[in-house]
Structures are given as C-alpha cells and as structure tokens.
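Please examine the following structure together with its sequence. An explanation of its architecture is given after it.

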Amino acid sequence: MAGTASSQVKRALKQLGVDASVIKRVVVALYEAEVNIVAHAYKGIITADIDPERVFLRLVDEGPGIEDIEKAMTPGFSTASQEVREMGFGAGMGLPNISRNADVLNIHSIPGKGTTLEITILIK
Amino acid sequence: MFHHALRIRQEACIGCSRCMRVCPTEALRVTGGKATLHPGLCVDCGECFNVCPSRAIVVEDDDITQIFNYKHRILLIPAIFFAQFQEKLTLEEINSVLYEIGFTELCTVEQGVDLLVDEINKYIDTFEGSKPVISSFCPAVIRLIQVRFPVFADQILRLLPPLEVTAQYYREDYARHGVPLDDVGIFYVTPCAAKIAAIKAPVGGYVSPINGVINMTQLYNKVFLAYKQKRNDSEHCSLVHSSLSKTGIQWATTGGEASHIRGRSLAIDSMPNVIDFLERLENEEITGVDYLELRACDMSCCGGILVQSNRFLVKERLDQLAKDLPDKHPLDESFRETCSGCIPMDKIEPRAMVKYHSDINIALERMEESRRLRRLLPNIDCGACGAPSCEALADDIVCGRASLDNCLLIHAHEADPATIEQIWGKKRFNK
C-alpha cells in the first residue's frame with residue numbers, strides 16, 4: 001500500500017531526533033515516489049539508507065518506464081486519464097514534488113522495463 | 001521535570017502491567033513488581049487510571065478544605081458535573097448542597113464559550129501558518145503533540161480555553177466591585193487529570209488565576225451523600241451564575257467546538273484515534289482541514305476519568321439540557337464588558353522525546369542494535385519482560401535499562417522448545 005514505506009522511514013527518523021522539516025521533505029518525496037510505483041509499475045523495491053549526514057532512498061521498479069524524463073519533470077504534465085484526475089490523482093506534480101524536496105535526484109528509466117529513482121536528502 | 005497529576009501508589013500497586021499495556025506513549029514499565037512511570041513521556045491522559053484494578057493510580061488534586069483560606073469561594077463547574085446526576089437531582093438541589101459545602105458562588109465553566117467562539121473564528125480567519133489550527137482545549141492532547149508530534153506545536157491555537165476566560169471574568173468582576181483579590185479563591189472541578197497538570201504546570205506562559213482544583217469524583221460523592229441525608233435549608237449567600245447557552249453546554253462534548261468553527265473542521269476523540277489522525281496528517285495524507293478539535297478521552301470530557309456516570313448517558317443529558325437553553329447565555333454582555341475572550345498564550349514548545357541519544361551517531365548505532373535485537377525477540381508483545389512491547393524492550397536494552405534476560409519467552413523456549421513452538425510456531429525463534 002502506498003504510504004507504508006514513508007510511514008516506516010518517518011518513524012525511524014523521528015526516533016533518531018532528526019529535524020521535523022527534514023523529515024517532512026523525506027516523507028513527501030518518498031510518498032510521491034511510492035504512489036508512482038503503485039500507480040504505474042508492476043513491482044518495486046524501496047530501500048532507505050540513513051546515516052548521520054543524509055537519507056538516501058532508492059526505488060527500483062519493474063514497469064512501463066518513463067518515455068521522456070524531462071517532460072515528466074514538468075509541473076502539470078501527466079499521463080493520467082480524466083477519470084484518475086477526478087479521483088484527485090494524476091495532477092502532474094509527482095516528480096516535480098519529489099525534485100522540490102530532494103537535495104539530489106537521479107532518475108534512470110528504460111521504457112518497457114522500469115525506473116530507478118535515487119533521492120538524497122541532507123540531514124544537516 | 002514536568003508536573004504530573006497522576007501518581008502510582010507503590011504500596012497499592014500489584015504490578016499487573018495493565019497500565020503499561022494501555023499507555024499511548026509507552027511511559028510505563030514494570031520493575032521490582034511495581035509499575036514505574038517515565039515522567040518525560042507521560043501526557044496525563046489517564047488511560048492507566050482507567051484500567052488499574054487496585055486503585056493504585058491516583059489523581060493529585062487539592063484538598064477541598066483549602067477553600068476556607070478565602071473569604072469568597074468561587075467554584076467553576078463544568079456542565080458535565082451536573083449531567084452526571086441524570087434526573088435524580090435538580091440543578092437547585094445540587095447547587096444548594098455545594099453552598100452547604102462552603103462555596104459562596106457557583107458558576108459554570110462554559111460561560112466563557114460564547115465569547116471565545118468569536119475569537120477562535122477570527123483567529124482562524126487571520127491565521128497565516130500551516131493549517132489545521134489545533135484546538136488548545138484538551139491539555140492531554142497538547143502534551144501529546146509536544147512529545148510525539150512536535151511538528152504541530154506551531155499549529156496549536158494560541159488562545160486559552162473557556163475555563164480561563166471564565167476564571168478571568170470572575171476575578172475581574174470581584175476586583176471591579178472593590179473586593180481585595182487575596183480574599184477571592186477560584187476553584188475548578190475537574191473531570192480529568194490532564195486539566196490539573198495544565199493548571200499546575202501551564203504551557204504557553206500563562207499563569208492561571210485558579211487557586212485550586214477539586215476532584216470531580218470526590219465532589220460528586222459529597223453532593224450525592226449530602227443529598228441523601230437531605231436537609232432542605234438552602235439559603236444562598238450569593239448570586240447563582242449557572243446559566244449557560246446551547247453552545248456552552250455542548251462545548252466539552254465531541255463536536256462541541258468543531259460545529260461552531262467556520263470552514264472545514266473535524267472533531268476526533270479518544271487517544272488512539274487522535275494519534276492515528278495526527279500520524280496521517282503528518283504524512284500529508286489528510287489535507288485541507290482548517291480546524292481540529294482533538295480530545296484525549298472517548299466521548300471527550302463525558303468520558304473523563306473522574307466522571308462518575310456512563311459517558312453516553314452524560315452526553316445524552318447534555319444534549320437534552322441544551323434544547324431548553326438560549327443561543328447566548330444571559331451573562332454574555334457582561335462578559336464582553338468585563339473581560340476578553342482572547343487570552344493569548346505563547347508558542348507551545350515541543351519537548352520531543354529523546355529515544356536513543358541526542359547525538360545522531362550514537363542514536364543510529366543504538367537503533368541498528370535495537371533492530372538486531374528485535375530479530376531475537378519473539379515479537380508477541382506479551383509484556384512479561386516488564387516492557388509494553390518487544391520493540392520497547394529492545395530499545396530499553398540498547399539504552400542500558402534492561403537486558404535480553406528479561407525475555408521470559410526466550411528462556412522458556414530454551415528450556416522446552418517443543419511446547420513453546422507448538423503454541424507460537426518454529427519460525428518465531430529462528431528468524
């Protein structure tokens with residue numbers, strides 16, 4: 001279920017006493033990325049690596065991949081149908097939101113195979 | 001350290017661990033056969049008080065005889081107090097008993113509500129921070145936010161609850177009539193422990209003019225007893241300001257605040273629901289809410305730990321009483337002339353718990369060690385180790401407060417694997 005990974009990571013960061021504004025950025029970025037996997041991919045693996053300097057999130061999925069990453073990064077660009085949009089999703093803010101909250105964002109995607117997202121958020 | 005209104009009487013505690021299991025902040029452990037409280041984590045919600053079978057958990061209230069230190073003895077009574085008596089007693093009868101006990105003026109706490117509603121709406125309309133604004137009404141919720149949800153500390157309404165508005169009104173009213181304030185004692189009957197803690201150790205930099213807090217259970221018993229031994233000589237020595245509005249009488253029930261706030265407001269009651277909601281809010285799963293009424297007790301104050309009657313009946317009675325009440329209470333004009341519904345308070349400081357260590361390097365090491373230990377523990381949260389969960393035990397171990405030997409199930413499994421595995425399965429011990 002989308003939200004499970006971000007909840008777990010949030011919990012760990014809170015327990016470590018990480019600054020609330022940093023936690024918020026991690027949660028928002030990870031949640032958006034999780035939703036993308038649930039919405040588009042067939043399966044995905046999320047790993048979170050925390051060290052005193054940064055949080056590193058790696059999301060590897062098997063799915064349709066992203067045709068044009070630059071386009072997908074444009075706020076408002078969406079492949080979602082009207083139906084999905086009416087449900088409140090697919091506003092075209094997923095990747096832009098992740099990018100806004102990340103200190104470093106790497107996207108590798110092979111259309112027809114899958115996408116790998118690497119998100120780094122600095123703790124201090 | 002923080003003042004708490006709940007105390008464990010060691011001599012009465014039987015170490016049954018019931019309190020430990022229900023504590024929403026995992027503030028309790030059993031050691032040496034007794035429950036012990038970690039004061040930094042306790043939010044005074046009273047869940048432990050409710051489940052204690054030996055009445056070992058007590059509420060630290062003020063002795064009622066101290067009211068006689070004052071010439072004028074004002075009692076601020078929440079509407080809930082009256083609603084406990086159901087149809088057996090009339091308002092006049094209850095009041096006459098309270099006068100006999102020694103109070104000189106009786107007033108309902110929620111008189112200040114009518115004034116406050118307007119101020120809250122104004123506050124929300126002009127609030128520039130992130131929403132929702134979170135009600136400042138329930139002190140246990142404020143403490144929960146300080147400890148577990150520090151990110152929301154900024155969003156707590158910085159206006160004091162109706163109790164303080166009403167207390168301020170009576171104080172001003174006596175001062176206006178030339179009464180020396182040293183002669184005026186203001187007392188409050190509380191339905192819960194959290195309100196005591198809030199008055200004795202206030203947050204937000206406001207010192208309450210309330211001189212003492214009376215335990216609602218004790219006062220209920222006194223009134224009930226006196227009524228049973230009835231002597232009908234009720235000569236009142238002062239004016240009765242017990243009148244209330246519809247809004248006022250329902251304020252402390254679930255939805256009592258939320259239904260009067262413009263915009264999108266939600267009412268959530270009981271500790272597990274409040275925690276769940278705040279977690280979702282923190283994850284930004286819930287958005288677009290303007291105001292949150294959060295109450296620690298199930299059915300809000302009707303379910304307060306010191307309320308004697310059943311919470312559903314109390315709520316029913318309040319709703320019935322509300323039908324006959326006016327929209328604004330008769331003293332509203334006088335309140336508006338005498339005092340302000342807007343008593344601002346300072347920002348509430350978070351006091352997030354340090355779980356592992358304040359140094360993140362050490363905290364990370366301990367967290368990793370704790371995770372490793374959890375693979376050894378059976379993960380059934382039986383509580384026999386004296387901690388509320390396997391996770392809590394692992395954390396206690398890495399912080400040097402417990403040892404792996406505390407896990408009785410590991411010992412039992414070593415002694416007789418067949419029997420234990422028959423119940424809990426093989427995998428639980430070979431992860």
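The paragraphs below go from the chain as a whole to its sheet and then to a helix packed on that sheet.

The model is predicted: local features need pLDDT of at least 70, side-chain atom pairs count only at pLDDT 80 or more, and totals for chains, interfaces and linings use all residues. Residues are numbered from 1 along each chain as its sequence is written, and chains are lettered from A, with ligands numbered from 1, in the order in which they are written.

Chain A contains 5 helices and 4 strands, where helices (H or I, at least four residues) and strands (E, at least two) are DSSP runs numbered from the N terminus. Starting at the N terminus, their order is α-α-β-β-α-α-α-β-β. The C-alpha trace of chain A spans about 40 × 30 × 25 Å along its principal axes.

The strands of chain A form an open sheet of 4 strands in the order 1-2-4-3, with antiparallel pairing; two strands count as paired if DSSP finds at least two bridges between them. Strand 1 (43-50) and strand 3 (104-110) of chain A are the edge strands, each pairing on one side only. Strand 3 of chain A pairs with strand 4 (residues 114-122) of chain A over 7 bridges, in the antiparallel sense. Within strand 4 of chain A, A:Leu117 is the bridge partner of A:Ile107.

Helix 2 (residues 20-40) of chain A lies across strand 1, strand 2 (54-62) and strand 4 of chain A; contact requires C-beta atoms, placed from the backbone, within 7 Å. This helix 2 runs at about 175 degrees to strand 4 of chain A, with axes fitted to C-alpha atoms, for helices over the stretch in contact, and angles from 0 to 180 degrees between N-to-C directions.

Terms used. Contact = placed C-beta atoms within 7 Å.
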